[in-house]
Amino acid sequence: MLNASLQELASALADKRISSVELTRAALDRIAAENPRLNAFVHVDEGGALAAAAAADARIAAGQAGPLTGIPLAHKDVFCTADMPTTCASKMLANFVSPYDAHVVAQLKKAGTVLVGKTNMDEFAMGSSNENSHFGAARNPWNTTRVPGGSSGGSAAAVAAGLVPVATGTDTGGSVRQPASFCGVTGIKPTYGVVSRYGMIAYASSLDQGGVLGRSAADCAPVLTAMAGFDPRDSTSLERPAEDFARDLDKPIEGLRIGLPREYFGEGMDDDVRAVIDAALDTYRRLGATTVAVELPNSKLAIPAYYVIAPAEASSNLSRFDGVRYGHRAADYTDLADMYGKSRAEGFGGEVKRRILVGTYVLSHGYYDAYYLQAQKLRRLIADDFRKAFEQCDVIAGPTAPTTAYEVGAKCDDPVQMYLGDIYTVAINLAGLPALSLPAGLGGAGLPVGLQLIGNYFGEARLLSAAHRFQQATDWHQARPARASEEEGSPR
Amino acid sequence: MSLELDQVKHIARLARIELGPGEAEDVLAKLNGIFDLVEQMQAVDTSGVEPMSHPQELYQRLRDDVVTEPDRRDAFQRVAPATEAGLYLVPRVIE
């Protein structure tokens, strides 16, 4: 049942073929069976989930159900939840319970979803492999020696392994799309400002955006609809009319102009990734889309600019963790400065410290113009590239990541190698555009490859439609990793 | 550009992160790798380009100057490492 689409689940719930309690029980059982090897969840709330499921069943019985009522889901542990811990996968917040719900959490609660737990991530969403978690790396369900991607690696692994049908994520430089690509699920990051950041623990505020990971575009759409919307508590939340992101799912694809940036098809992409992407583009042409070459000439500057802007904003945002109002406080210290220094040294992991230090440096007196201001000027050039490209096309397509999922440990000692894996994703955050990753096939080692579709501002419905049409014509989104439970049940 | 060990120690002091014995050297090596990458930015002439601080060119919203939030001091202080009588406790700063 957990393999069914959200639409099938909603109709099964409505027809009383299954109850939300049964569905939730099934999710909890799968988590109990699989989490020891996947480490996708950092917290599971069995009692709270079953109570929420019973309440959802009552709503359904009363005829008050919406499309998501009774659906089990998980939140990335970056979203504040009043009912369970919120750790950001950091020692700093290992014992933190938020006094309030994030806007996204409240919206999805209102929609009747059943929160089963919180998913693993890179500490404070800083990382591309999930290895920077205080609780240890989540593992890729396709091959548990591989990383699930990051930073929303736990959410991607949980959806890919069928532990929950959908999960939330956040995307600052690719943190929804890259793990979606590595784990073979669909993940969308909307236009900056569409989803409220209230209660979403901040990493880089001008880039952070909440998103969804699910098995298909059709599953992501209603969840995004429920999450999105104006929230006065986020000063950058956009005042726009409510949108149904599923409205265009069944629109025909004929005439869709897909831009192919020269820079996304050059050196650096693995051959098996290229083969899958080329085949996916052929599928789109067969479905009636046209492709056109476009240019994003400043693409190679996106990584340097991102790794100045994001750490700069992080150094400012993470100054709030000082051991005074919440979070870890060192046991022994001599004075206030010593307490700050030791609490932060003990509470933060290596990558978080590095980004805070880089950010502190680029914002410091004498270096601001050369680094931070220069990065913001490049950001303008990068956004202008996209603006020009969208004069020639409706969506832009390319790989989500240059490789498939790599081995745990392969890059964790070399931050620069890790950063270079973000080559196709960070520019989208700098520009503030919406983008998604959809499973497009399997690479050489039998690991999933994601196709990235980038939309113009507020083009989410169109992106989801383009992904849905592909998923109507192919079944890559239904490919599943071999399950531990099936392995156990195989013939003796 | 290449950072020196003293600079790393200075930045760490500014960031209020204590570096343990030997840690500064490892941090220095990794930061220099990162700055080598970042240095590519300097090759681009950006004179006349307006810096972009934000994806949407927004003005800050104004709202009426009225109370919107209830007093939740107890709930917020429950997660603090040390409080007393509604105050956050820190080591003595003024003798």
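**Close-up 1. The contact between chain A and chain B.** In this predicted model, 54 residues of chain A are in contact with 39 residues of chain B, two residues being in contact if their C-beta atoms, placed from the backbone, lie within 7 Å. On the side of chain A that touches chain B, helices H9, H10 (336–347), H11 (350–362), H12 (369–389) and H13 (415–420) each supply at least two residues, and H12(A) gives the largest share, eleven residues. Helices (H or I, at least four residues) and strands (E, at least two) are DSSP runs, numbered from the N terminus. The residues on this side of chain A comprise 32 nonpolar, twelve polar and ten charged ones, where Ala, Val, Leu, Ile, Met, Phe, Trp, Tyr, Cys and Pro count as nonpolar, Asp, Glu, Lys and Arg as charged, and the others, Gly among them, as polar. Residues are numbered from 1 along each chain as its sequence is written, while chains are lettered from A and ligands numbered from 1 in the order in which they are written. Local features need pLDDT of at least 70 and side-chain atom pairs count only at pLDDT 80 or more, whereas totals for chains, interfaces and linings use all residues.

**Close-up 2. Helix H11 of chain A and its surroundings.** H11(A) has 13 residues and reaches 18 Å from its first C-alpha to its last, close to the 18 Å expected, that is, 1.5 Å times one less than its number of residues. Twelve of its 13 residues are buried, among them A:Arg354, A:Arg355 and A:Tyr361; a residue is buried if 20 or more other C-beta atoms lie within 10 Å of its own, exposed if 12 or fewer, and partly exposed in between. The cover over these buried residues includes H9, H12 and H13 of chain A together with helices H1 (5–14) and H2 (23–38) of chain B.

**Close-up 3. Strand E2 of chain A and the strands paired with it.** All five residues of strand E2(A) (residues 72–76) are buried. E2(A) pairs in the parallel sense with E3(A) (residues 114–119) over five bridges, and with E4(A) (residues 166–170), also in the parallel sense, over two bridges; strands pair if DSSP finds at least two bridges between them. A:His75 stands opposite A:Lys118 in E3(A), and A:Leu73 stands opposite A:Val166 in E4(A).

**Close-up 4. The surroundings of A:Leu453.** Not counting residues up to four places away in sequence, A:Leu453 touches A:Val395, A:Ala397, A:Ala435, A:Leu436, A:Leu463, A:Ala466 and A:Ala467.
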